[in-house]
Amino acid sequence: MDRLEKVLTIAGSDCSGGAGIQADLKTFSAHGVFGMSVIVSVVAENTSRVIDIQDVRPDMIEKQIDAIFEDIDVDAVKIGMLSQPECMEAVAGKLKQYAPANIVLDPVMYAKNGCPLMNPDAIDTLIEKVIPFADVLTPNIPEAEKIAGMPIHNVEDMKKSAEAIYRMGCKNVLVKGGHAAGSALDILFDGERFYTFDAQRIDTKNTHGTGCTYSAAIASNLALGCSMQKAVHRAKEYITTAIRHSLSIGKGHGPTHHFYELYQNGLKNGAEISNGQ
């Protein structure tokens with residue numbers, strides 16, 4: 001077969017399947033790339049709440065990353081939940097060592113239900129140690145406010161926060177407008193120009209894992225050879241479809257539909273199993 005692109009996610013595990021590592025791997029598969037994972041935290045969560053978090057030891061995070069890079073070529077890396085300064089430093093050290101291409105950093109701070117997933121005292125470490133490695137940082141508005149240290153009330157504020165975050169060392173900043181009023185407008189800044197990606201806001205509470213899914217889709221498209229602008233455009237279309245056809249699973253914020261097209265059309269040829277005849 002033709003070359004299969006390989007994408008690594010470094011993030012927390014969501015046992016309910018809608019966010020984190022599980023959402024990332026589903027998104028990778030939906031894009032036809034081979035997904036791999038490094039688990040930094042085990043999160044006992046569902047669509048309604050986060051029950052508890054157990055962080056993986058920093059040395060075990062490092063060993064997982066070593067296991068991948070000593071054996072497999074990696075075409076893109078998506079980084080999600082990094083809860084503590086120690087795990088951020090472990091990841092940053094390995095990014096420096098292996099220098100992978102196409103690093104997408106989603107600075108996950110809160111679950112959809114508002115439960116914190118990042119130690120507030122870790123933001124400085126994120127800024128100093130991890131953000132400079134990012135080819136693109138993908139904060140939502142509350143995360144951009146925390147990182148940039150400024151309130152965001154409108155599109156101009158989104159642009160100003162993107163400029164402030166860009167100066168922290170990443171190559172591109174995508175400020176997502178899902179928390180704003182009006183349409184779901186996202187703004188990408190590459191240090192010189194702003195690019196906008198707009199979509200009609202979808203009236204649904206089932207948005208668990210949207211940030212994870214969106215960033216994983218960007219990483220997938222970068223691995224497939226897209227430019228940054230095209231990768232974001234295609235990822236925006238993917239996440240919008242996934243939200244439009246989101247799933248009413250659980251009692252809280254249900255997950256997006258990572259495999260809508262597959263579920264609609266089925267596997268090719270019905271995925272019939274040969275009986276050897």
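The model is predicted, so local features need pLDDT of at least 70 and side-chain atom pairs count only at pLDDT 80 or more, while totals for chains, interfaces and linings use all residues. Residues are numbered from 1 along each chain as its sequence is written, and side-chain values use heavy atoms, with hydrogens and water left out.

Q: Why is C15 called exposed?
A: A residue is buried under 20% relative accessible area, exposed over 50% and partly exposed in between, using a 1.4 Å probe and protein chains only. C15 has 57% relative accessibility, so C15 counts as exposed.

Q: What makes C170 buried or exposed?
A: The relative accessible area of C170 is 3%, so C170 is buried.

Q: How many disulfides are there, and how do you know that C170 is in no disulfide?
A: In general, a disulfide is a covalent bond between the sulfur atoms of two cysteines. The rule used here asks for a pair of cysteine sulfur atoms within 2.5 Å, and the count comes to zero. For C170, the nearest cysteine sulfur is that of C212, 19 Å away.

Q: What makes β1 and β2 a pair of strands?
A: Strands (E, at least two residues) and helices (H or I, at least four) are DSSP runs numbered from the N terminus, and two strands pair if DSSP finds at least two bridges between them. Strand β1 (residues 6-14) and strand β2 (residues 34-45) are joined by nine bridges and run parallel. One example is I10, whose bridge partner in β2 is V38.

Q: Why is the crossover from β1 to β2 given a hand?
A: With the strands pointing away from the viewer, a crossover is right-handed if the path from the first strand over the helix to the second runs clockwise. Here the chain goes from β1 through helix α1 (residues 20-30) to β2, and this β-α-β crossover is right-handed.

Q: Which unit do β4, α3 and β5 make?
A: They make a right-handed β-α-β unit. Its strands, β4 and β5, run parallel and are joined by three bridges; K78 has V104 as its bridge partner in β5. Strand β4 also runs parallel to β1, with four bridges between them, and V7 is partnered by A76 in β4.

Q: Which way do the residues of β4 point?
A: A76 and K78 point one way, V77 and I79 point the other way, and all are buried.

Q: How do β2 and β3 pair?
A: These two strands are antiparallel, with five bridges, and a hairpin of four residues joins them. A44 has D52 as its bridge partner in β3. I51 lies in β3 (residues 50-55). Contact means heavy atoms within 4.5 Å; leaving aside neighbours within four places in sequence, I51 is in contact with A44 and E45.

Q: Why are the buried residues of α2 said to lie on the same side?
A: The buried residues of α2 are I61, Q64, I65, I68 and F69. They cover an arc of only 125° around the axis, which puts them on the same side of α2. That arc is taken from the directions from the helix axis to the C-beta atoms. These residues pack against β1, β2, β4 (76-79) and α3.

Q: What makes the phi of A99 worth a look?
A: Most residues other than glycine have a negative phi. A99 is not a glycine, yet its phi is positive, about 45°. A99 is found in the loop between α3 (85-98) and β5 (103-105), and its relative accessible area of 59% makes A99 exposed.

Q: Why is M168 called partly exposed?
A: Its relative accessible area is 22%, so M168 is partly exposed. M168 lies in the loop between α6 (155-166) and β7 (173-175). Leaving aside neighbours within four places in sequence, its contacts include I127, I131 and P132.
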